[in-house]
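Please look through the structure shown below with its sequence beside it, and keep both in view while you read.

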Amino acid sequence: MAFRKKGAKNPPVLSHEFVLQNHADLVACVGMFFVLGLLFEGTAEASIVFLTLQHGVPAPPDARAPPRLLYHYGARDLATVFFYTLVAVIVHATLQEYVLDPVTRRLQLPKAKQSRFNEAGQFGAFYLVSCAWGTWVLAAEGCLEEPARLWRAPPGRTMTFHVKFFYVAQLAYWFHAVPELYFQRTRKQALPQQLVYIGLHLFHIAGAYLLYLNHLGLLLLTMHYCVELLTHLCDLFSLGDGRHQKELSLWAVVFILGRLGTLVVSVLTVCFHLAGGQARHPDAAGGNVNVLAAEIAVLSSSCTIQAYITWNLLSVQLQRWMGDDAALQAPVVKKKRTKGRSSRKGTENGEAASNRGDSPHKRKEKSA
């Protein structure tokens, strides 16, 4: 299977250009290596570590519910995250090749806007899936019906299958974003900003996963992704149709309100509910994170990422607005030049124009 269209000249094998053009095929081969390992008895046990969730324990018996497995984290989760990172690279390339590239060619976007369109399309698709998935997991866990689950420590330092798989998929996606900077030929000037953005997501997702703040992190991620989804959808519409740029600039207000909402949820949950539980069951070793150190770490990290993303929004949006204003002035000069050319063309062909305005009798006299 080929995800990238090959050019007229095939680059040398294992060269820089060869890896960039065929990185999805190479990654798919590595992923198939783990899948094919399931077919053989000697390698099946090792392959299962990469493909399925690990560190499962039987749930306490309940007469009203069928038997199930609960999960905690461990070292073997790194193998699972690695495999799904490969899957994320393949999905990224498939979406780029069969969805975004055809749309870009149809819109005939200039090269300066193609990278912005591809970035908005990739992130928009991820945020859309994550918002729907996170909302479904919150409903399945009963957090929407019983908000007290957001700050309640999980029993026995465990989590359900849906929660763990959500966090594994999130970690895999943001880990895959690091090599994608190389595959997508990201400019060196944009690398530090992109790496900080990816690193902040990895830090906070891993922190919620390791501290067993699963439900709180799930809610904050879903709120964060909803605001980011709106941001990239507005960016897609503004790039696809420039007439709506002024109307779509109102999304910045929604963006800031979403950040404030996320911050309010963090403060209320951490300061009030975790602080209230600290006096009752201060057992961090048993999985209860209602301790002062956890409160300060969670609250400070949440405030940091909200402040950074808001500042990043303001700086990037100001640069884009300045670039758009400069681009809008170019067609005005071009129209003035075309008018001058048409007027000069009319003076040069003045004789032909006057001949067309003459009567048929005068034309005969001139021809004679």
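A residue is called buried here when its relative accessible area is under 20%. By that criterion, 39% of the 368 residues of the protein chain count as buried in this model, which is a predicted one. Among the contacts in the chain with a separation of 6 or more, 72% are between residues 24 or more positions apart.

How do two helices meet in such a fold? In general, a packed pair is described by the angle between the two axes and the distance between them. For helix 2 (residues 41-51) and helix 3 (residues 77-107), the axes come within 6 Å and cross at roughly 70 degrees. Angles from 65 to 115 degrees count as roughly perpendicular, and therefore helix 2 is roughly perpendicular to helix 3. On the side of helix 2 the contact is made by Val49, Phe50 and Leu51, while helix 3 contributes Ala79, Thr80, Phe82, Phe83 and Tyr84. Sorted by class, this contact has seven nonpolar residues, one polar residue and no charged ones.

In soluble globular proteins, nonpolar side chains tend to be buried together. The largest nonpolar core of this model has 34 residues, of which Tyr127, Tyr167, Trp174, Ile205 and Tyr225 touch the most other members. Two or more residues are given to this core by each of helix 4 (111-140), helix 5 (161-183), helix 6 (191-210) and helix 7 (214-240), and helix 5 gives the most, with 10 residues. Trp174, leaving aside its neighbours within four places in sequence, is in contact with Phe123, Phe126, Tyr127, Tyr197, Ile198, His201, Leu202, Ile205 and Tyr225. Apart from this core lies another, of 10 residues, including Leu51, Phe83, Leu86 and Ile90.

Helix 4 is followed by Gly142, whose phi is positive, near 80 degrees.

Not counting residues up to four places away in sequence, His92 touches Gln122, His176, Glu180 and Gln184.

Note on methods. Residues numbered from 1 in each chain as written. Heavy atoms only, no water. Axes fitted to C-alpha atoms, helices over the stretch in contact; angles between N-to-C directions. Helix = DSSP H or I, 4+ residues; strand = E, 2+ residues; numbered from the N terminus. Parallel < 35°, antiparallel > 145°, perpendicular 65-115°, else oblique. Contact = heavy atoms within 4.5 Å. Nonpolar A, V, L, I, M, F, W, Y, C, P; charged D, E, K, R; others polar. Core = buried A, V, L, I, M, F, W, Y, C linked by side-chain atoms within 4.5 Å. Buried < 20%, exposed > 50% of the residue type's maximum accessible area, 1.4 Å probe, protein only.
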